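Dear colleague,

Please find the structure below, handed over for your own work.

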Amino acid sequence: MLAASGGIFSVPMYAIMQSKASNEHKARVVASLNITDSLGMVISAVFVTVMLMLHVSIINIFLIIGIVNLLITPIMSRLAKV
């Protein structure tokens, strides 16, 4: 389910990004998106590690991440329409 959810998120993101980028800059835009994605993965791994060190349960970590996703989704939707 995690991989499927990631695919549902990243495939449209790459399609939008490629459709909005000019042909001269597509490779740079893809590279910068890959770097941004990697940074997000590192930040989320550090966040989960800190939460585990604070003895937060796995269920509560999923709940926190879900709430954060619900808060960020409208912002990302507006950015995608620009």
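**Pocket, surface patch and loop**

Helix 3 contributes 13 residues to the lining of the largest pocket, the most of any element. Please note that the model is a predicted one.

The space in this largest pocket comes to about 1,700 Å³. Helix 1, helix 2 and helix 3 are the elements that each supply two or more residues to its lining. The lining has 35 residues in total, and those nearest the centre of the pocket are Phe9, Asp37, Gly40, Asn69 and Ile72.

Ile72 deserves a separate remark. This residue belongs to helix 3, which covers residues 58–81. Ile72 counts as partly exposed because its relative accessibility is 39%, a value between the limits of 20% and 50%. Ile72 also takes part in a nonpolar surface patch of about 730 Å², together with Leu63, Ile67, Val68, Leu71, Ile75, Met76 and Leu79.

A further point concerns the loop between helix 2 and helix 3, where His55 is placed. The phi angle of His55 is near 65 degrees, which is a positive value in a residue other than glycine. With a relative accessible area of 73%, His55 is exposed.

As to confidence, the chain has a mean pLDDT of 87, and 99% of its residues reach 70 or more. Helix 2 (residues 26–53) has the highest confidence, at a mean of 91, and helix 1 (residues 2–20) the lowest, at 79. Where pLDDT is low, predicted coordinates should not be read in detail.

With kind regards

Key
Residues are numbered from 1 along each chain as its sequence is written. This is a predicted model: local features need pLDDT of at least 70, side-chain atom pairs count only at pLDDT 80 or more; totals for chains, interfaces and linings use all residues. Side-chain values use heavy atoms; hydrogens and water are left out. Patches are made of residues with over 30% relative accessible area and no salt bridge: like charges are joined within 9 Å, nonpolar side chains (Val, Leu, Ile, Met, Phe, Trp, Tyr) within 5 Å. Accessible areas come from the Shrake-Rupley method with a 1.4 Å probe; for residues, only the protein chains shown count as cover. A salt bridge is a side-chain nitrogen of Lys or Arg within 4 Å of a carboxyl oxygen of Asp or Glu. Helices (H or I, at least four residues) and strands (E, at least two) are DSSP runs, numbered from the N terminus. Buried means under 20% relative accessible area, exposed over 50%, partly exposed in between (1.4 Å probe, protein chains only). pLDDT is the predictor's confidence in each residue, from 0 to 100. On a 1 Å grid over the protein atoms alone, a cavity is a set of points where a 1.4 Å probe fits but cannot get out, and a pocket is an open set with protein on both sides within 12 Å along at least five of seven lines; lining residues have an atom within 4 Å of a point. Grid points are joined across faces, edges and corners, and a volume is the space filled by probe spheres set on the points.
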